[in-house]
Amino acid sequence: MTSSLSSQQSRRYDDYFDPEVGMIWQIFKNPGYHSLIPTGERVHDIRASFHYARELMEAEDAAGHQRAIGILRKLLPLQDRDPVSATYGLWSWHLEEPLEKMDRPDWNWADFCGLALIALLNTSAPRLPEDVRTAARDAVHHAAGSIYRRNMGPHYTNISIMGGIVCSLAGELLGESRMLEYGVRRLRQAVEYFGAQGGFNEYNSPTYTRVVLLDCEEALRFLKSPYARESVRFLYEKAWETLARHYHPATGQWAGPHSRDYHTFMRAEMWAWLRTRTGIAAPLHPLAESKEFVGASHAVAEGVACPPRLLERFIALPSAEYTFSETFHRGKTRDVVGTTWMHQEACLGSVNEEFFWDQRRVLLGFWNGAAGSAVALRLRFLHDGQEFTSAYVRNVQDGPRVLSAVHLLLGRGDIHPEWGNPGNDEFRAHDFRLRYELRGLDVQADELSPGTFALRSGRWQAVIRPAPGRFGEAAAEWRIERHQDWVALDAVCYQGTSRAFPFRELRPVILAASLQVQRVGEEEERPAAPTEIRHSITEGKLTAVAGDLSVTVPDHSVPIP
């Protein structure tokens, strides 16, 4: 198999190379976990530097090869190679923050950095000095050993697959049969788990479905084991099917719901990658973010482009309007089910129940707005301005209509689902709010009539009819927020001086609303149903009803279902 690497990719990295340190730098944006470095600090990125070194080595440039060798001499000693260490086989995120100073080191860095290093060795080992080549092979051995020891299960989709690929490739590269056998077995487990669940656990994730596709591309480029290749090919096809099924041609966006994503609109590197694999010519969104210097190459290896049977789906929908549902995860007490409405001009997706998270899109819609580019509709729950993972939503959807009701959780985190709980479920806050948000260029928000609101742009709008809300003893006030590139309808649960909210005592919580995506001017022809609440204090439950849709949630905080 062959691959053609454009020098444009390494040239993008050139702008961020620090010759005094010998690594890639960036201005850090702290996600709120793993790192204690504040947002806005200049840092030297280890993973990005591995990618840069790899791409310099693959290019036909002797000076670039020498730079890459210098980068590797800097990076390889930064790995923890002590087999009895808790962080064995890992690198930290940044040079400035070693593993021992991080807020919970990221175990996934053995996978991400290990895969980049394996690719470099598979393409460029003869060009490396013997000492660097030996050190790099040792680093792969330790990274694979960390992955083996961690033994992540198939529920963690992208890391389960990536770890299987890294261990399979490491086993072949180093001649370690035990590691190859483990990698093959782990990939097979991922295939079996997909079959049992009906999909990826990280369901419909733009970020991590692409990670799976990129990892599978690397595997199909280098793997020799027919057993590993069989599993990788299956996973690769299924990831492409996920993307094709949810791609909305009119807006050039990935329809919801999303289990994990970090951006509102399709990111620049995802857009560029998709163009090279499909040939589609959708325009890049004017608000699309980019982080090119930590991405892999867009070069296409033979046999790893979009499967031809799916190409037509990126050009047009199979029909003018339709709705489909899919089971993402089959649980002991509940299934996670997504519903997506597709229209030639708009789309709307929701998940039946899920906790809020900055990475999650529990309700997501797109249409092309007044400025000619897509606008994005989301439902969020915010704690002091950040997405709150101890809030939970249940949605029921029929076509372009969604009824949502929210309750609170016990024993969960703050901005991360596992971290940030004060220990007694008593969160301090100066602001709690539920938010329907429309983001994009030229967006508007209006109150059409008392209790009926519209978030609109261009020919389409989301009409929202909330029920009167409560947050414990206080009423939740529904009000419009307007900003430069977004508008919102917020249920303000609390706003004031910071104080403690004991979730075990906070009741009732009543937050529910119906939403309908429709063309502007259809309000009388297709009126959105009002949301009514039926509250049973004795049962501790409330049922929200809007027309023929209904959803029931507890009126108090409960452990996650």
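Helices here are DSSP runs of H or I with at least four residues, and strands are runs of E with at least two, both numbered from the N terminus. With that in hand, let us walk through the structure. This is a predicted model, in which local features need pLDDT of at least 70 and side-chain atom pairs count only at pLDDT 80 or more, while totals for chains, interfaces and linings use all residues. Residues are numbered from 1 along each chain as its sequence is written, and side-chain values use heavy atoms, with hydrogens and water left out.

Let us start with the whole chain. The protein chain holds ten helices and 26 strands. Its radius of gyration is 24 Å, close to the 24 Å that the globule rule gives for 561 residues, so the chain is as compact as a globular protein of that length. Here the radius is taken over C-alpha atoms, and the rule is 2.2 Å times the number of residues to the power 0.38. Along the principal axes, the C-alpha atoms fill a box of roughly 75 × 50 × 45 Å.

Of the 561 residues, 60% are buried; that term means under 20% relative accessible area, with exposed over 50% and partly exposed in between (1.4 Å probe, protein chains only). A contact means heavy atoms within 4.5 Å. Among contacts between residues at least 6 apart in sequence, 66% join residues at least 24 apart.

Now turn to helix α8, residues 206-222. Its 17 residues reach 25 Å from first C-alpha to last, close to the 24 Å expected at 1.5 Å a residue; the expected span is 1.5 Å times one less than the number of residues. The helix is mostly covered, with 16 of its 17 residues buried.

Serine 231 counts as buried because its relative accessibility is 3%. Setting aside residues up to four places away in sequence, serine 231 touches Leu187, Arg188 and Val191.

For a loop position, look at glycine 22, between β1 (17-18) and β2 (23-27). Glycine 22 is buried too, at a relative accessible area of 12%. Beyond its neighbours within four places in sequence, glycine 22 is in contact with Phe17, Ile71 and Lys74. Isoleucine 560 lies 538 residues from glycine 22 in sequence, and 46 Å separates the two in space, C-alpha to C-alpha.
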